[in-house]
Amino acid sequence: MNQNLDKLKVTADNILIKELKSEIKHEGLVEPTTYEEKTDWGEVIFVGEKSQLKIGSRVFFNRYCTVSLQLPNGVKYLTLKDEDVIAYVKPEDIKEFWVR
């Protein structure tokens with residue numbers, strides 16, 4: 001992680017996520033994401049001190065509750081609150097759940 005980003009603090013129960021743009025496979029069905037349609041899955045990059053989520057979690061979120069944020073390094077993230085996360089997978093369970 002960029003040293004300058006280490007100084008970024010996210011407040012309360014807010015989280016920053018990076019959208020995932022890969023194939024998602026559940027029960028043998030592959031959902032292609034090679035076209036520009038955005039998925040509603042993201043990886044948690046930063047968490048506020050009151051967030052119940054962990055960095056590295058994968059979240060399924062309500063897209064209409066997000067705010068886009070572009071940091072000085074040019075990387076774009078989405079911000080949302082814990083309450084706008086519909087479902088999540090803990091970092092330690094991703095290998096069992098997520099297939100790329």
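The side chains of lysine 81 and aspartate 13 meet in a salt bridge, with 3.5 Å between N and O; the term stands for a side-chain nitrogen of Lys or Arg within 4 Å of a carboxyl oxygen of Asp or Glu. This pair links distant parts of the chain, since lysine 81 belongs to strand E7 (residues 76–81) while aspartate 13 sits in the segment before strand E1 (14–19), 68 residues apart. Strands (E, at least two residues) and helices (H or I, at least four) are DSSP runs, numbered from the N terminus. Lysine 81 counts as partly exposed at 33% relative accessibility, where buried means under 20% relative accessible area, exposed over 50%, and partly exposed in between (1.4 Å probe, protein chains only).

The structure is a predicted model, in which local features need pLDDT of at least 70 and side-chain atom pairs count only at pLDDT 80 or more, whereas totals for chains, interfaces and linings use all residues. Residues are numbered from 1 along each chain as its sequence is written, and side-chain values use heavy atoms, with hydrogens and water left out.

The count of salt bridges comes to four, and the table lists three of them.

| Salt bridge | N to O distance |
|---|---|
| Lysine 81 and aspartate 13 | 3.5 Å |
| Arginine 63 and glutamate 19 | 2.7 Å |
| Aspartate 40 and arginine 63 | 2.9 Å |

Through shared partners, salt bridges join Glu19, Asp40 and Arg63 into one network.

Another buried residue is serine 57, at 1% relative accessibility, which is placed in the loop between strand E4 (41–47) and strand E5 (58–61). Its side chain reaches the backbone oxygen of lysine 54 at 3.0 Å. Leaving aside residues up to four places away in sequence, serine 57 touches Gly42, Glu43, Val44, Val89, Lys90 and Pro91, where contact means heavy atoms within 4.5 Å.

Taken as a whole, the protein has one helix and eight strands, which follow the pattern β-β-β-β-β-β-β-β-α along the sequence. Of its 100 residues, 36% count as buried.

Methods:
A polar contact is a pair of N or O atoms within 3.5 Å; within protein, one must be able to donate a hydrogen and the other to accept it, and residues adjacent in sequence count only if both atoms are side-chain atoms.
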